[in-house]
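Please keep the sequence and the structure open while reading.

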Amino acid sequence: MATEAERTEPGRVELKDPLLAALLAWLIPGLGHLYQGRTAKAVLYAVCILGTFAYGVYLGGRSDLGYGRAVYFSFRPGDRRLPFLCQVWAGLPTLPALIQANLAQRRKPPLWNGFMAPPRLEGENAAGLANSPTLNDLNKALSTRFELATVYTMVAGLLNILAIYDAWGGPVFAEKKEEDEEGQEAAKQPRGERKRVADEQSGPAGETHSEATPS
Amino acid sequence: MKSEDGLPGAPVMLPVLIATVEVNMLWYALPLIVAVSLVYAATRHEDMRPILQHALRVGMYIVGFMLVIFVVLWLMLFWVSRPA
């Protein structure tokens, strides 16, 4: 049963350049919606997703170890960081991890006090890496916080996938509002007839997203 | 009620003690529940009011689900730690 607020909600949403908006939403959570003029949702996505990611970055570090140690890119033998496949959906906030991974591959010391730098592999003793912690060191020093940081940053990345889809395809309305109120006869009509009626009701308009998205 | 080592009330208290040791960790779930509820609800609606209403419902579902899992685990722990 739709609530009063849901009944008054407009059924269609103007979506400005969905592909560009989706790309922007991936780069910075909320930016795609800001581009489309959906400011409230942009703020909501930015606060929720970036806030979750930032808290994860904070949890996964310490002043002496560097922050954001749970967000790093590494597909070396002995250290394949699969959580990064979820974290990377948070967009540009994960860019430092890629820069640090590039440096580590060239056996150069990490920047920014090890921020999002991959841990040193056991037995790796390249110049400048002697002070870098290994994955065991990080787990020992941060304990549960390292796992929590991983979860937080992964969840932030996965939530941004929902935001990207929302920027591209618009909201999936939870309930069919007007259709339920008008009765179920319309739903029993042939698909072509329903589309014709919908086209007549909407009239000539820009690219819109129908609320009748199947769930 | 006594356990095998003779401590009064141990079978009853053991699950409670174990459950409360890590209870502070649950606070870390709160920001995640809020964020997940809001973002999920925002993908379903466009206006803020229905988003917040839907987020409240989703949040309650998540907390309810966690409570059910907690009760199931607590009962299992109680059953496992009962005296033979």
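## Model and confidence

This is a predicted model, in which local features need pLDDT of at least 70 and side-chain atom pairs count only at pLDDT 80 or more, whereas totals for chains, interfaces and linings use all residues. Residues are numbered from 1 along each chain as its sequence is written, and chains are lettered from A and ligands numbered from 1 in the order in which they are written.

The model scores ipTM 0.74 and pTM 0.75. The mean pLDDT (the predictor's confidence in each residue, from 0 to 100) is 79 for chain A, where 73% of the residues reach 70 or more. For chain B the mean pLDDT is 82, and 73% of its residues reach 70 or more. In chain B, the highest mean among the elements, 95, belongs to helix 2 of chain B, and the lowest, 63, to helix 1 of chain B (residues 10-21). Two stretches of chain A call for caution: pLDDT stays under 50 over residues 1-8 of chain A, for which the model has twelve contacts beyond four places in sequence, and also under 50 over residues 210-215 of chain A, with eight such contacts. Here two residues are in contact if their C-beta atoms, placed from the backbone, lie within 7 Å.

## The two chains

Helices (H or I, at least four residues) and strands (E, at least two) are DSSP runs, numbered from the N terminus. Chain A has eleven helices and four strands, while chain B has three helices and zero strands, in the order α-α-α along the sequence. A residue counts as buried if 20 or more other C-beta atoms lie within 10 Å of its own, as exposed if 12 or fewer do, and as partly exposed in between, with C-beta atoms placed from the backbone. By that count, 39% of the 215 residues in chain A are buried, and 18% of the 84 residues of chain B. Of the contacts in chain A with a separation of 6 or more, 61% are between residues 24 or more positions apart; in chain B, 47% of the contacts between residues at least 6 apart join residues at least 24 apart.

Two packed helices are described by the angle between their axes and the distance between the axes. Axes are lines fitted to C-alpha atoms, for helices over the stretch in contact, and angles run from 0 to 180 degrees between N-to-C directions.

| Helix pair | Angle | Axis distance |
|---|---|---|
| helix 4 (residues 39-59) of chain A and helix 2 (residues 29-42) of chain B | roughly 150 degrees | within 10 Å |
| helix 4 of chain A and helix 8 (residues 144-169) of chain A | about 160 degrees | 7 Å |

The angle makes helix 4 of chain A roughly antiparallel to helix 8 of chain A, where angles under 35 degrees count as roughly parallel, over 145 as roughly antiparallel, 65 to 115 as roughly perpendicular and the rest as oblique. Helix 4 of chain A passes helix 8 of chain A in a left-handed crossing, a crossing being left-handed if the near helix is turned anticlockwise from the far one by less than a right angle, and right-handed if clockwise. Residues of helix 4 of chain A in this contact include Tyr45(A), Cys48(A), Ile49(A) and Phe53(A), and those of helix 8 of chain A include Leu148(A), Tyr152(A) and Leu159(A). By class, the contact has 14 nonpolar, four polar and one charged residues, with Ala, Val, Leu, Ile, Met, Phe, Trp, Tyr, Cys and Pro counted as nonpolar, Asp, Glu, Lys and Arg as charged, and the others, Gly among them, as polar.

The crossing of helix 4 of chain A and helix 2 of chain B is also left-handed. Among the residues that make this contact are Lys41(A), Leu44(A), Tyr45(A) and Cys48(A), together with Pro31(B), Leu32(B), Ala35(B) and Leu38(B).

## The interface as a whole

In total, 19 residues of chain B are in contact with 27 residues of chain A. Helix 2 of chain B and helix 3 of chain B (48-80) are the elements that give two or more residues to the chain B side, and helix 2 of chain B gives the most, with eight residues. The chain B side divides into eleven nonpolar, four polar and four charged residues.

## Around His33(A)

His33(A), which lies in helix 3 of chain A, is buried, with 24 other C-beta atoms within 10 Å. Beyond its neighbours within four places in sequence, His33(A) is in contact with Ala25(A), Arg38(A), Lys41(A), Ala42(A), Tyr45(A) and Ala167(A).
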